[in-house]
Amino acid sequence: MLRYALRRLTYLPLSLFLLSLVCFGLQQITPGDPVDHLLPETSIRTAETDPEIYERTYRRAAASLGYDLPPFYFSIRNAALPDTLHRIVRPEERAGLRALTLRYGNWPLVQEYYRTLRRSSWNPDLPGDLSASLRRLLFQDDPDRIQRQVDALEEKHGQLDLVAAHANMVKGATRAKLLLPTFQLHGTANRYHRWAGRILSGDFGLSYLSRRPVSGQIKRAFRRTALLNGITLLVVYLIALPLGLYAAGYRGSRFDRWSTVGLFILFGLPSFWIATLLANFFTTPAYGMDWFPSMGFGDAPEGSGLWTVITTKAKYLFLPVLCLAYPSWAYVSRHLRRSALGEMKKAYVTTARLKGLPTSRILWGHVFRNASFPIITLLGGIFPALLAGSVLIEKIFNIPGMGLLLFDSAINRDWPVVIALVLLNGILTAFGLLVADLGYALADPRVQLGEGGVPKSGGE
Amino acid sequence: MIGRRTQSKKLAIGWLLFLGILALVGDFLANDRPLIAIMEGETRFPVLHEYGEALGLVDPYAPVVRNWYRASPDWALWPPIPYTAGKSDLKNGGYISPFGKQNTGDRARHYLGTDDLGKDVLAGLIHGSRVAVLVGFGSTLLSLLLGIPLGSIAGFFGNGGLRAPRYYWWGWIVGGGCGMLYALVSLRPYFNYPGFLVSFFLCVAAIVVGGWALQALLKLIPRLRKPTALPADSMVLQGIELFVNIPGLVLLIALVAVINEPSISVVILVIGVLRWPSVARYLRAELLRIRHLPYIEGAKVSGIPAWRILFRHALPNAIGPLLIVASFGLGAAILLESFLSFLGVGIPADQVTWGSLLKQSRDHPAAWWMAVFPGLMLTLTVLSCNLLADPD
């Protein structure tokens, strides 16, 4: 038991590490430059008028985010690429340099071209249209297009330093160098290390949209989702347990037949459809049945009594909780019925019957304990399902919780928020599964965990 | 009781078949071109012609016909629903109910109503079933492709069944990994970043060469010649465990929202990859049971090679449970697809799906037909899949 728990606990950080790698990787490949979100509006305006000052501001902002560091603890890369490429902070320029080096294989000449290009693009003596096209060239990352643009420049403006440097680079190509890979260690001064360290200390950075700390936003949303899901969980078990147990106890009765069919259909009804229908019919005036408020979370006015708070909340939360709960309660009662049916065949139940105990005493006093063990693991599967379900339910009923926050920030590419939410969900999911498995083993000492005997958990 | 069960399973299979046929022949059922038309003394097959154009076999008709109604052919056989999904009919715009007054002239009614731009809801439903079938079957196939090999190796061979000298395992795993990295880091730029297929073959070739070379090299070290077993079961179980801890749906939303151009194939890919653990886990459990059955023991004793036993004798016996997990996965994938298009992420905005119709109904709650019918299709499909997957 203890060994199993320890083994599961070692998985937890490993899974979270992998999840953080996925998030970090996603963050790296997403289009959009995070440094831009850090710069004040005024300095973005100087980009056109005074590129040198802008460059300096940009560099400082990038350094504060750690963007002048290598991405990871080590790198495996083409030997033609220099080990200092990460110091070029502008992502567009870095991509261009990378592509050129991987085409021509000769870093010193590529660097010479890049220096010439930068020097001449900042040169105030050049005519405006030329320096504008030079600056465009700086953001170009396709070698073929660069070739074409340089050719066009030569045609228009005659021999420039830049054209010579480009020709030099093409002539001095050493493509054989591309065939060698290198491996390099970077130590802890890298982007991932800093990012992960900040997250471990609870600092998720600033939201791109609101420019406020992510953790505050999530904290507010989390409270609402936690309340919603907590009530839902309570409702699920309050309804599902008696339903499944009595269906098994009175097997074959009309109640059992109808509830089995009903629960099966209920389980198959997509909750977002039901939620859409309920929201359309009962929260809008379209059918004259707007009995429930359509928006928000129901914050009772300050200083009102407990009863007002409860009734306001109940009015707002009734439909969302219903929609969130019914798939799970159908799921739980179906499982409970099945496992209780297995128990009913056993000798101790026959004994209890022969003793003359009433059925409900048998069910609650004897069968329930034994039949409920598998239900504990279901908790592990329900937990992530509830979190995912909240996205839709919160969207449909406009509850500003974690699901809605996730949706809104994913749509708006507000990466710091999305990543914080994915990680948080990962932690909650993993933790829920762990607690459910351990709870199962604790409640039923017969369960053998460990070698291959991982109890079934999850949605199947 | 048993009779009723098989009957309802038959109904479920019937519905899924119906859905598949609907997806296949949808263009002939709902289309704003005629099936056959006689125009300018020439018999034309506009719907079929469309396929020919898409395949590059035929050229478009000489004066391009944009609107076959306005072109008024001499005689035409129209599909039963003469509207294409997603095409607006402005004369009938503004959410017209199936029973409302419709301004269609001699053209057929919008049987299930329209949306704000007069797009036909029934045509949208048919197109939606095509997307649902595509995503459902595609991602289920992918999850089976990933889950069957891993699950069957884990379950059939267990931790002790795959035995080979140490140099073999180390050589192939480390060498193959290095080969793949080399292909990605060096070979692709050297060959000027070829397309996906060439890159794929480059990778495979590098894996084979790297793995073979390293294991040939390691063979020279005597200590590595000792045979050991590959702990296949533990490896697959750990993989499953890692995947289970990842909040699939949340990650899915994050993933699909990042991708610049939403496309159906990305959705298929992501759903398929997220769902392989359930296939692998189920198949593993099934093969754990099967491999201890007497007939497998007998086959082992009579000296039939293990791989042959797995493919010829053990796996065919596990097809029943596989079908169960596949049909459950089908329902889940279709549900996920509607979920994503309801949220408006992942599926391209110009594709009409059940989810996108439901989403539209949120903008105009009074249009009950846009909420009820797509939901019914979805519910029937999910119920059928669940019914097929129900063990008792």
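Author: In this predicted model, A:Arg175 lies over the face of B:Tyr190, at 5.4 Å from the ring centre. A charge is said to sit over a ring if NZ of Lys or CZ of Arg is within 6 Å of the ring centre and within 35 degrees of the ring normal. B:Lys300 is placed over the face of B:Phe156 in this way, 5.8 Å from the ring centre.

Rings of Phe, Tyr and Trp (its six-membered ring) pair if their centres lie within 6.5 Å; planes under 30 degrees apart are stacked, over 60 edge-to-face, and the rest tilted. B:Trp307 and B:Phe311 form a stacked pair, because their centres are 6.2 Å apart and their planes stand at 20°. These two residues are 4 apart in helix α11 (residues 306-314) of chain B, so about one helical turn separates them; a helix here is a DSSP run (H or I) of at least four residues, numbered from the N terminus.

By contrast, B:Trp368 and B:Phe373 are tilted, since their planes meet at 55° with centres 6.0 Å apart. B:Trp368 is partly exposed, at 26% relative accessible area (buried is under 20%, exposed over 50%, partly exposed in between, with a 1.4 Å probe and protein chains only).

In chain A, ring pairs join a cluster that includes A:Phe17, A:Tyr73 and A:Trp195.

A note on reading this: residues count from 1 along each chain as its sequence is written, while chains are lettered from A and ligands numbered from 1 in the order written. Local features need pLDDT of at least 70, side-chain atom pairs count only at pLDDT 80 or more, totals for chains, interfaces and linings use all residues, and side-chain values use heavy atoms, leaving out hydrogens and water.
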